[in-house]
Amino acid sequence: QVETLKEKLLEQAQEISRLRSELGGTDAEKHRDLLAAENERLRQEMKALEGELQRQQQAPCRDCPHLQENAELQEQLAQLQREAEETRARLVELDLEVQQKTNRLAEVELRLKDSLAERAEEEERLSRRLRDSQETIASLKSQPQQIKYIIKTVEVESAKVKQALCETQSRNQYLQEQVGMQKQVLKEMEQQLQSSQKTEAQLRAQIMMYEAELERAHGQMLEEMQAMEDEKNHAIEEAFSRAQVEMKAVHENLAGVRTNLLTLQPALRTLTHDYNSLKRQVRDFPLLLQETLRSARAEISQAIEEVHSTNRELLRKYRRELQLRKKCHNELVRLKGNIRVFGRVRPITKEDGEGPEAANAVTFDADDDAVLHLLHKGKQVSFELDKVFPPQASQEEVFQEVQALVTSCIDGYNVCIFAYGQTGAGKTYTMEGTAANPGINQRALQLLFSEVRGKAADWDYTITVSAAEIYNEALRDLLGKEPQEKLEIKLCPDGSGQLYVPGLTEFRVQSVEDINKVFEFGHIKRVTECTNLNEHSSRSHALLIVTVRGLDRSTGLRTTGKLNLVDLAGSERVGRSGAEGSRLREAQHINKSLSALGDVIYALRSRQGHVPFRNSKLTYLLQDSLSGDSKTLMMVQVSPAEKNTSETLCSLKFAERVRSVELGPVSRKAELGSWPSQEHLEVLKILLGDSPGSSAPAGRGHASPSPGQLSSRSASIRRKLQTSG
């Protein structure tokens, strides 16, 4: 191939000389330059091919599969060599261990021989002493009668000899045991030596096998290397032949490439121009992309901000409309005389236990404080009341919602607040509270005293308190001297249609200390017991009746307001509460009275002509509060625990029914007293629009007031009447 290239070079040189002779001037020089460049390129290709041939001849074939097999065999050979080295090292260790055990065995044999020699010597010495002793005894016996002392001495010496003999025999026995033990140790060491020899023989056999395997693998590797060498030479020859063929094809294509090169130069320039243009566009693309993204982010941020501002505005308008709607609804409820219903959810306590049954099943609406949701049997049920208090609501927050009703009692209205719910739902806590955190009852009286003190300049008020309970359908006085005495409910003899309880004890209270004494006295006499559902379960309906009587010293206006605070006993399922005996009878009366209350609510809601107030002492006593002449509020208490969802559902459904009852507008209990003087009559005429002197009777002995005085007095009286009503 090199020779062929050299011939081609000569031909090219001849062609150059011929072209120089034929062509002249600039075209010939251009063609000469082209041929010189082509000549240089061919020379470089020739050098590259020569280098490739040398590398192929020197280096083995890299892609040959036998190289991989050779590498695997070499790795196996190295592995076998490592295993042989490990086996030799183990064999050396075993030889060393056998040598150590052999040395120990030799030491034991020497000790055994020494022990046997000592034993033989001791036996020989003892035997000699025994023979001497026996001979001495025999000689003494053969002699004539001698002194007995000598015989006794011999006998004593013989006893000592016998004792020494016994000690020698015991030592001999001990030495025999030691010899037996040494023999056993020797036998064990011989067995270990035999096992070590067997292991050594096995390891030697394995080593011989490994060496034979190594020799076989080495021979096989040499054969495969020889075969690989042959294949390598054959592959080199084939590659060389293929290279020649490819070189020939390259030269054949060279002419076409030369011709195409001249035609491709304009296209190359066009492509170069297009490439430079695209390169500039690619270089400018990140800046353009960043600018586009920046503007898009700004537009998106502006749109998001506009949406947020719109949402905030809509939320503000929604809350404002919600408050307005609630205000209008409350006013409508007041005008219609509906019973207002508040709901309060007690927190989860330790009495609810642990696990799934103690899970919270009640949730609240974040935007509406009058809605709560109950999860019952996997379904969510929603209820809407007038106000809902979550478990974290304090006694103060609850009282803030009801204090407007309490203060209307001072103005001559009848007010009733009663707590309803299952046992253990927190009714007594809401109404009575604790000493450190009082409930509605004590806070209401404290508020009444505060309002009375504020109006003390113009009004005289008298506040009386009565407390009663309905236990097993019997009305009992909690403040009386005989709490077991049964009382009756009767109509007032004045024809007003109001109900009263003859014989019910009334205490006049003038301070908070008086309130605390009354509460403590009544709380001691109220019936409470322990059940499975509530440790301090109320077994009766408790009523606190507060009567406020007022007199306006300026106008003679008298007002009478009554505040009924009712703590109903809790409804309970006998199967769950575990009530027995008297507890069972109490539960039956409680459920019966609450059922009668439900019948009354149903009759009022459906506007029936007859309302069964007299079916129970509870409903009969609450007739004034439920018949349209009172502002009534029901506080429904519920438990959030999963195990109480059935009772909670019943309580909330009853609350919704109560909320839909319309009692009509409430009337105010106020009347004017007698006018003591002519001046009062004239003032009344002024208030009614008549002239002060048109119908004034003569001869009363009272001087007529001036128009200015009457004007100022009438304005003062109007303000007082507005304040009082």
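This is a predicted model: local features need pLDDT of at least 70, side-chain atom pairs count only at pLDDT 80 or more; totals for chains, interfaces and linings use all residues.
Figure 1. E473 counts as partly exposed because its relative accessible area is 22%. Although E473 is not a glycine, its phi is positive, at about 65 degrees. N472 also has its place in the loop between β7 (459–471) and β8 (474–477). The phi of N472 is likewise positive, at about 55 degrees, and N472 is not a glycine either. With a relative accessible area of 22%, N472 is partly exposed.

**Figure 2. The aromatic pair of W459 and Y461.** Three aromatic pairs are found in a search of the whole structure. One of them joins W459 and Y461 in a stacked arrangement, with 5.6 Å from centre to centre and 15 degrees between the planes. The pair counts as stacked because planes under 30 degrees apart meet that criterion. Both W459 and Y461 are buried.

**Figure 3. The charged end of K631 over the ring of Y413.** The distance from the charged end of K631 to the centre of the Y413 ring is 4.4 Å.

**Figure 4. The second largest pocket and its lining.** The volume of this pocket is about 670 Å³. Its lining comprises 24 residues, of which C492, L499, Y500, T547 and K562 are the closest to the pocket centre. Four elements are named as giving two or more residues to the lining of the second largest pocket: β11 (499–500), β15 (541–552), β16 (557–567) and α12 (623–626). By residue class, the lining of the second largest pocket divides into nine nonpolar, nine polar and six charged residues.

**Figure 5. The buried cysteines C409 and C416.** C409 has a relative accessibility of 0% and therefore counts as buried. C416 is also classed as buried, because its relative accessibility is 1%. A disulfide is a covalent bond between the sulfur atoms of two cysteines. A search of the whole structure finds zero disulfides.

**Figure 6. Y210 in helix α4 and its separation from L80.** Helix α4 covers residues 148–336 and includes Y210. The C-alpha atom of Y210 is separated by 7.2 Å from that of L80, while the two residues are 130 residues apart along the chain. Y210 counts as partly exposed because its relative accessibility is 22%, and the class of buried residues is limited to values under 20%.

How values were computed:
Residues are numbered from 1 along each chain as its sequence is written. Side-chain values use heavy atoms; hydrogens and water are left out. Rings of Phe, Tyr and Trp (its six-membered ring) pair if their centres lie within 6.5 Å; planes under 30 degrees apart count as stacked, over 60 as edge-to-face and the rest as tilted. Buried means under 20% relative accessible area, exposed over 50%, partly exposed in between (1.4 Å probe, protein chains only). A charge sits over a ring if NZ of Lys or CZ of Arg is within 6 Å of the ring centre and within 35 degrees of the ring normal. On a 1 Å grid over the protein atoms alone, a cavity is a set of points where a 1.4 Å probe fits but cannot get out, and a pocket is an open set with protein on both sides within 12 Å along at least five of seven lines; lining residues have an atom within 4 Å of a point. Grid points are joined across faces, edges and corners, and a volume is the space filled by probe spheres set on the points. Ala, Val, Leu, Ile, Met, Phe, Trp, Tyr, Cys and Pro count as nonpolar, Asp, Glu, Lys and Arg as charged, and the others, Gly among them, as polar. A disulfide is a pair of cysteine sulfur atoms within 2.5 Å.
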